[in-house]
Amino acid sequence: MSWAVTGMGAVAAVGGDVDELFHNLCAGRSGVAELRGFDHARHTAHHAYEVDNRPAPGVDVTRRATGLLLDAVGQAVRDAGLDESDLSGVPILVGTGLRELRSVELWRTQGAEFPAAELHFGTALREAFRADDTHTLSNACSAGLYALALGVDLLAQGADTVVVAGVDVLTETMYGLLERVQPVPPTRVRPFDRDRDGVLMGEGAAAVVLSRVPGTRPVHGLVRDVAVNCDAFHVTAPDPAGIAEAIREAHSRGGVKPADIDLLMVHGTGTLLNDEAEATALADVFGPDRDKPLVTATKSMTGHTSGASGLLNLVVTLRCLAEGRVPPTVGLDNPVDEADGFRFVTGEAAHRPLTVAQLNAFGFGGINAVAILEAAR
């Protein structure tokens, strides 16, 4: 069974709503810029994909993740025609990697003060929308799609409407950790390019409203199903076998074959391990059909938004299906050998009728999630 997406919202470095985000991605505009939130002297990497909403460069404030989340959820709820002043009884599922860790950092390093309850997204969701059924999932970089899987399960169990969201902002600890495991400080993300240097973090939030019966509201597209697994192969290194297993399960649950997929929205982090592992898994599953779907990786323009990345890509993918337009993978000039035969969109946006898409999201610890989406009928 498929579930209707009746509302969408998004904010990222390259756009403050779904329309602006998709327009800029299709134009190949990158959100990378010099690091704004931290002291450059403390880091060897100096670039990131940040949402430019701080008071001034180098000046950070608490609860930015919460603010982005409320923005995206508000957009999606209004788009779906729901009463944003009262979401009581509507489950809201939030996927995140780091939650309000940045607020804790500012408390520890600068003495920022705030009530401890504000570290929980549920507090703000109750205040803004009177939401009384909120849940936060922290499943690393696949958290957004894990939340989507739970949302689909709730609809299958009888829920009428579910709001699913994902959010993350830069934290200094994660930024510092990543720069120390990459040989050369990256200046941009170049997924699947053999000359890439690694990943840079991004910021963003996205939300969708899933409906059992959409009624007369316009439908952005359909979620056929979501597959999740945890292969526990390694703390950070991805396992192609675990990824391939998740893809095959998603195809089975979604009732599709590799030849049915028109678009692959890949995880594509640009890290030195992910891209080869993801390409190997895709080649294994798709076999002779690997040249059929168009392939793109939007992290080349949004950076890696961690727990928000899966749902940001979900929103973008649904727009791709609706418009028959696919953003390019910026910076991909010389693909890795493992990606040989894939039809990457590069240079400029591609135009082609699209019906079915596959969306990948993978996280540390082998936490894999794959969704199958369909254009609105």
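**Domain organisation and a helix pair in the predicted model**

Over residues 1-375, the chain is 30% helix and 20% strand, and its end C-alpha atoms lie 14 Å apart. The structure described here is a predicted model. The UniProt record, an unreviewed entry, lists residues 1-375 as "domain: Ketosynthase family 3 (KS3)".

The protein chain is divided into two parts, domain 1 (3-211) and domain 2 (222-375). The centres of domain 1 and domain 2, taken over C-alpha atoms, are separated by 20 Å. To the contact, domain 1 contributes 64 residues and domain 2 contributes 67 residues.

The packing of two helices was also examined. Helix α2 spans residues 64-79 and helix α4 spans residues 121-129. The two helices pack at an angle of about 45°, and their axes are 10 Å apart. Angles under 35 degrees count as roughly parallel, whereas those from 65 to 115 count as roughly perpendicular; α2 and α4 are therefore oblique to each other. The crossing in which α2 passes α4 is right-handed.

On the side of α2, the contact is made by Ala 65, Thr 66, Leu 69, Leu 70, Val 73 and Gly 74. On the side of α4, Phe 121, Ala 124, Leu 125, Ala 128 and Phe 129 take part. Of the residues in this contact of α2 with α4, nine are nonpolar, two are polar and none is charged.

Key. Residues are numbered from 1 along each chain as its sequence is written. This is a predicted model: local features need pLDDT of at least 70, side-chain atom pairs count only at pLDDT 80 or more; totals for chains, interfaces and linings use all residues. Side-chain values use heavy atoms; hydrogens and water are left out. Axes are lines fitted to C-alpha atoms, for helices over the stretch in contact, and angles run from 0 to 180 degrees between N-to-C directions. Helices (H or I, at least four residues) and strands (E, at least two) are DSSP runs, numbered from the N terminus. Angles under 35 degrees count as roughly parallel, over 145 as roughly antiparallel, 65 to 115 as roughly perpendicular and the rest as oblique. A crossing is left-handed if the near helix is turned anticlockwise from the far one by less than a right angle, and right-handed if clockwise. Contact means heavy atoms within 4.5 Å. Ala, Val, Leu, Ile, Met, Phe, Trp, Tyr, Cys and Pro count as nonpolar, Asp, Glu, Lys and Arg as charged, and the others, Gly among them, as polar. UniProt positions are given in the numbering used here, feature names are shortened, and annotations may be inferred rather than shown by experiment. Domain bounds come from an automatic or database domain assignment.
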